[in-house]
Amino acid sequence: MAGPPRARDPQSVLFACAMNSVRSPMAESLLLHMFPQGLYVKSAGTRKGELDPFAVSVMAELGQDISAHKPQTFEELEDWEGLNFDLIITLSPEAHHKALELTRTLAAEVEYWPTQDPTITEGSRDQKLAAYREVCDQLLMRIRRRFAKSGAASE
């Protein structure tokens with residue numbers, strides 16, 4: 001087994017992407033629903049965006065309401081509550097660079113999960129929703145694979 005044992009079963013997880021408006025809030029909600037107790041989960045972006053209505057719709061299809069999510073930057077999160085996370089999972093290149101920069105002074109493990117940005121999808125509403133669903137499905141698979149090992153996952 002490679003890597004420090006401490007982050008195998010992290011107690012606190014930060015999901016990060018470019019604008020904290022699609023990928024990271026989806027991932028935050030998915031992991032929170034998998035582990036309603038015992039895991040502290042937040043999300044942030046390198047820049048601040050607006051919550052994406054397609055992301056809200058796709059999560060609602062799973063019975064998860066992210067409509068109250070307020071996009072925030074790393075800096076805002078740090079100011080409000082600090083960046084005390086065992087694990088930072090980055091979903092975009094710029095978030096990964098930012099996380100690596102932060103871990104020079106933070107003791108957090110960083111994992112990069114390259115995740116397509118569904119906002120660049122062209123086409124009809126149905127085609128756009130399909131792209132968001134695909135991202136959601138990919139995130140759910142990665143989360144199950146990464147966190148099922150801790151034995152606390154429940155369907």
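Student: In this predicted model, among contacts between residues at least 6 apart in sequence, what share joins residues at least 24 apart?

Tutor: The contacts considered here are those in the chain between residues at least 6 apart in sequence. Within that set, the share that joins residues at least 24 apart is 72%.

Student: In what order do the helices and strands run from the N terminus on?

Tutor: The secondary structure of the chain comes to five helices and four strands. Read from the N terminus on, these elements run β-α-β-α-α-β-α-β-α.

Student: What radius of gyration does the chain have, against that of a compact globule?

Tutor: The C-alpha atoms fill a box of roughly 45 × 35 × 25 Å along the principal axes. A compact globule of 155 residues would have a radius of gyration near 15 Å. The chain agrees with this, as its own value is 15 Å.

Student: How far apart lie the centres of the positive and negative side chains?

Tutor: The chain has 17 positive and 22 negative side chains. The distance between the centres of the two sets is 3 Å.

Student: Why can the buried residues of helix α4 be said to line one face?

Tutor: Helix α4 covers residues 93-102, and its buried residues are Ala-95, His-96, Lys-98, Ala-99 and Leu-102. Seen down the axis of α4, these residues fall within an arc of 165 degrees, so they line one face of the helix. In general, an α-helix has 3.6 residues a turn, so residues three or four places apart point the same way. The value asked for is the arc of 165 degrees.

Student: Which elements are included in what covers the buried residues of α4?

Tutor: Both helix and strand elements take part in this cover. Included are β1 (12-17), α3 (74-81), β3 (87-90) and β4 (109-112).

Student: Is Phe-85 buried or exposed?

Tutor: Phe-85 lies in the loop between α3 and β3. Beyond four places away in sequence, Phe-85 touches Ser-12, Val-13, Leu-14, Tyr-40, Lys-42, Leu-77, Ala-107 and Ala-108. Because its relative accessible area is 5%, and the cut-off is under 20%, Phe-85 is buried.

Student: Which residues does Val-58 touch, not counting residues up to four places away in sequence?

Tutor: Val-58 lies in helix α2, residues 53-61. With a relative accessible area of 3%, Val-58 is buried. The residues it touches are Met-26, Leu-129, Tyr-132, Arg-133 and Cys-136.

Student: How far apart in space are Val-58 and Pro-118?

Tutor: In sequence, Val-58 and Pro-118 are 60 residues apart. In space, C-alpha to C-alpha, the separation is 12 Å.

Student: Which helices are included in what covers the buried residues of α2?

Tutor: The buried residues of α2 are Phe-54, Ala-55, Val-58 and Met-59. Seen down the axis of α2, they fall within an arc of 130 degrees, so they line one face of the helix. The cover of these residues includes α1 and α5 (125-147).

Technical notes. Residues are numbered from 1 along each chain as its sequence is written. This is a predicted model: local features need pLDDT of at least 70, side-chain atom pairs count only at pLDDT 80 or more; totals for chains, interfaces and linings use all residues. Side-chain values use heavy atoms; hydrogens and water are left out. Buried means under 20% relative accessible area, exposed over 50%, partly exposed in between (1.4 Å probe, protein chains only). Helices (H or I, at least four residues) and strands (E, at least two) are DSSP runs, numbered from the N terminus. The arc is that of the directions from the helix axis to the C-beta atoms. Contact means heavy atoms within 4.5 Å. The radius of gyration is taken over C-alpha atoms; the globule rule is 2.2 Å times the number of residues to the power 0.38. Lys and Arg count as positive and Asp and Glu as negative; His and the chain ends are not counted. The place of a charge is taken as NZ of Lys, CZ of Arg, CG of Asp or CD of Glu.
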